[in-house]
Amino acid sequence: MPDKLIIFDTTLRDGEQSPGASMTREEKIRIAKVLERMKVDVIEAGFPIASPGDFESVKGVAETIKDSTVCGLARALDKDIDRAGEALKGANSSRIHTFIATSPIHMEKKLRMSPDQVLEQAVAAVKRARQHTDNVEFSPEDAGRSELDFLCRIIEAVIDAGATTINIPDTVGYNIPHQFGSLLNNLLTKIPNSDKAIFSVHCHNDLGLAVANSLSAVLNGARQVECTINGLGERAGNASLEEVVMAVRTRQDVFTCDTTLDTTQIVPASRLVAGITGFPVQPNKAIVGANAFAHESGIHQDGVLKNRETYEIMLAEDVGWSENHIILGKHSGRSALKSRLKDLGIEFKSEEGLNQAFARFKDLADKKHEIFDDDLQALVSETTTSFKNEYIKLVSLKVCSETGETPNATLTLNVDGREETADSEGSGVVDAAFKAIEKIVISNAELKLYSVNNITSGTDALGDVTVRLEKSKRVVNGQGADTDIVIASVKSYINALNKLIQANERAHPQL
Ligand code: KIV
Ligand code: ZN
């Protein structure tokens, strides 16, 4: 039996630190459920002290997730640790992750503390965290640029104080694989009580080496990897979960450990995260990119037809690329929809949720002949990202686009129960429609991103639109799907406005 490699997913915490990738509590819970289905061992759900919204999200994930450990981040400060402990109270299994910087530059310039003061604060933080849970992780931030002797000293002390996981972050993505691997090796051999904790790594991708560094650390004894879906994360991102997991699984001839993940959930998780954050996956991205298993050249196609293994090292099905079955049409009933959604791992808590999804499904079936699994995912995504009591609702939209004429849009919105109509011209019909919305709502929010993706192929495909708005440092992502991309765009813009209005929506969570 290979050793267990623990997967610690930080999409909801470090991933959310990607500028613009903010997620609501409900969106975080949806992603956490897919991670749980994937059998991720630890889900870092957020940074509870960062804002009331972050606290509520961690609490919501902690109360929902049963099979994975739910973790909250805290600086090495009593107030942070107690707030994390409070947010995690309802969890089946919880972990507090506390950190303090240990590199000379961070200690001197950022913390303005001596190494001895840092060590003392780290020990106190771990002891405080142990009052809330016996599962405590400690990270010496910027370990990748810290001095080995000091790292050994502080890690030995925090293990004695009760830390059960020691995470070694390459915070600025500065390390090179052989160097990072030997750092792990040195720590494990030099620290006398290293066998009392699991050693973990957390690598950033500034030099494109996050996955390589993580794997090198695993080869040198690390038994937890911190990673994110699609490699989302601060700046250039974190190590991508799908790449780490599939490298270890595919190269069992090299690794003496393996994860216990259900890898067939990888592609659904990737799509969900891309949809919610509005960060699309590049087509040539390993494992989850649209072309990751596509063979273009004739020589390759010929080889694969003769023997798949000539050019394929993994099975597409193993990471969740499904047949994308044609499933339902306009004559399908509510129970057929419910049963197919269940197969896709989607269950509604209330009848109302299912009813809403069914109404949207019938609407779609009128416009689109064949409905695929991906259409259903988008439809459900829209159902769950729209609010029960939406402040702004679309009532009607009419657009006009004619060669040689200025495009214009007329739309009616229901704003808090009152109908209002406006028209506007624009450089295109989408621009005109957005301007008409603003004439009514006057949000003055800044449009940061507008992106359209088709969910399945064909001109009758659902268009999935993401609109990112920013106002007073609040960033929100709206989603909308429709066979008509102008309607999808307007729905997405309205969804973003409703999110901006939601009281607990918050600024970017970095402190
Ligand atoms: O990159 C980093 O150092 C972090 C720590 C909080 C682990 O995200
Ligand atoms: Zn990080």
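Ser472 lies in the loop that runs between strands β17 (463-471) and β18 (474-482), where strands (E, at least two residues) and helices (H or I, at least four residues) are DSSP runs numbered from the N terminus. This is a predicted model, in which local features need pLDDT of at least 70 and side-chain atom pairs count only at pLDDT 80 or more, while totals for chains, interfaces and linings use all residues. Residues are numbered from 1 along each chain as its sequence is written, chains are lettered from A and ligands numbered from 1 in the order in which they are written, and side-chain values use heavy atoms, with hydrogens and water left out.

Although Ser472 is not a glycine, Ser472 has a positive phi of about 45 degrees. Its relative accessible area is 66%, so Ser472 is classed as exposed; in these terms exposed means over 50%, buried means under 20%, and partly exposed covers what lies in between, with a 1.4 Å probe and protein chains only. Along the chain, Ser472 and Ala445 are 27 residues apart, yet their C-alpha atoms are 8.3 Å apart in space.

A positive phi is also found at Lys39, which is not a glycine and has a value of about 70 degrees. Lys39 belongs to the loop between helix α1 (25-37) and strand β3 (42-46), and with a relative accessible area of 49% Lys39 is therefore counted as partly exposed.

Glu44 has a relative accessible area of 0% and so is buried. The side chain of Glu44 is joined to that of His97 by a polar contact of 2.8 Å, a polar contact being a pair of N or O atoms within 3.5 Å, where within protein one must be able to donate a hydrogen and the other to accept it, and residues adjacent in sequence count only if both atoms are side-chain atoms.

His97 leads on to ligand 1, since His97 is one of the residues that surround this molecule, together with Arg13, Asp14, Phe99, Ser139, Glu141, Asn167, Pro169, Thr171, His202 and His204; a residue is near a molecule if one of its heavy atoms lies within 4 Å of it. Three strands, β5 (94-101), β6 (136-141) and β7 (165-170), each supply at least two residues of this shell. Polar side-chain atoms approach oxygen atoms of ligand 1 at 2.6 Å from Thr171, at 3.0 Å from His204 and at 3.1 Å from Asp14.

Ala161 and Arg128 are separated by 33 residues in sequence, while the distance between their C-alpha atoms is 9.6 Å. Helix α12 (residues 334-343) holds Arg334, whose relative accessibility of 30% is why Arg334 is counted as partly exposed. The C-alpha atom of Arg334 is 9.3 Å from that of Ala359, a residue 25 positions away along the chain.
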